[in-house]
Amino acid sequence: MHVLAIANQKGGVGKTTLAALVAFYFAQKRKCRVLAVDLDSQANLSTTLREFRVEVPASALFGDAPLSLPAVRPAIALLHGAPALADLELGLAAAHRRRVRTFVAQLASLREAFDVCVIDSPPTAGLRMVGALAAADFVVVPIELERYSRDGVKAMLQMVFGVRAEYNPRVKLLGLLPSRVMSGQPRQRAALADVFAHYGDYLVPGQVAISTRSAIPRALEEGIPVWQLPRAVAHEASAEVLRALEALAAAMQPTTEETAS
Ligand SMILES: Nc1ncnc2c1ncn2[C@@H]1O[C@H](COP(=O)(O)OP(=O)(O)O)[C@@H](O)[C@H]1O
Ligand SMILES: [Mg+2]
């Protein structure tokens, strides 16, 4: 199982949208068995993927009881979010470390049952984000150009490097993914070109981005990915989204070290 964490401590940058698209992409286009984990107490991913919900909440991954997933599962198995997830952030540092390690172990117990796991994380630099990064093989950081600030992104990258040092040397940063780009606006197009030119090393390889397009949330509201909408209304949006997802999938290759072992 390849675990992909989607993280950014900022809200509204497109994390949940990307998480849903990633889940649909691997299930439909790659025929993978997909586990989707919603760590946000707002549970927006759980609304989008409602059709795939199994009766195990994401919070169970932080508990000690063995997980029991149904034997017959939909193409995507959603471990849903709930308001109580926010309570995990309470407590002392030692309890946090224990919860992070429990989360990593519980997710590892599902390694054989799924091909891909996508984790949507909350917009807070807390225990759940640390848990997502600690359990992840790969991490992608959606960013918005308008609010693109070196400081915010730097803090996020520092978090990845911190978790790599403390919990998970394996985690690979796939990169930043410009999202909700208003490609109709010259200023945003220029900003995107600038980011491609100057931050290439930190980006998802392939100069991919996801523009703001109404078809994307409209489809997700219906519980389907944008490429399932009629071609006439969603052709461009689908092409761009699929290009970004293919770039992500291509970058999700194990390091040579792992291949050798
Ligand atoms: N590419 C996009 N085009 C149009 N709307 C988008 C796009 N990505 C996200 N949105 C919308 O922007 C809002 C925030 O996106 P969301 O994925 O929930 O961000 P986050 O999970 O980072 O808070 C949502 O209302 C979502 O529907
Ligand atoms: Mg979200």
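Tutor: Let us begin with one residue: Arg180 has a relative accessible area of 41% and is therefore partly exposed. Buried means under 20% relative accessible area, exposed over 50%, and partly exposed in between, with a 1.4 Å probe and protein chains only. This is a predicted model, in which local features need pLDDT of at least 70 and side-chain atom pairs count only at pLDDT 80 or more, while totals for chains, interfaces and linings use all residues. Residues are numbered from 1 along each chain as its sequence is written, and side-chain values use heavy atoms, leaving out hydrogens and water.

Student: With which residue does Arg180 form a salt bridge?

Tutor: A salt bridge is a side-chain nitrogen of Lys or Arg within 4 Å of a carboxyl oxygen of Asp or Glu. The partner of Arg180 is Glu144, with the closest N and O atoms 3.8 Å apart. Arg180 lies in the loop between β7 (172-179) and α6 (186-198) and Glu144 in strand β6, 36 residues apart. Helices (H or I, at least four residues) and strands (E, at least two) are DSSP runs, numbered from the N terminus. Glu144 is buried, at 11% relative accessible area.

Student: How many salt bridges are there by this rule?

Tutor: The count is 8. One of them joins the side chains of Asp137 and Arg111 at 3.6 Å, N to O. Asp137 lies in the loop between α4 and β6 (138-144) and Arg111 in the loop between α3 and β5 (116-120), so the pair ties together parts 26 residues apart in sequence. Asp137 is buried at 8%, whereas Arg111 is partly exposed at 28%.

Student: How is the packing of two helices described?

Tutor: Two packed helices are described by the angle between their axes and the distance between the axes. Here the axes of α3 (residues 93-108) and α4 (residues 127-135) come within 9 Å and cross at roughly 40 degrees. Axes are lines fitted to C-alpha atoms, for helices over the stretch in contact, and angles run from 0 to 180 degrees between N-to-C directions. α3 and α4 are therefore oblique to each other; angles under 35 degrees count as roughly parallel, over 145 as roughly antiparallel, 65 to 115 as roughly perpendicular and the rest as oblique.

Student: Is α4 enclosed or exposed?

Tutor: α4 is largely enclosed by the rest of the structure, because 9 of its 9 residues are buried. Among them are Arg128, Met129 and Leu133.

Note on methods
Chains lettered and ligands numbered in written order.
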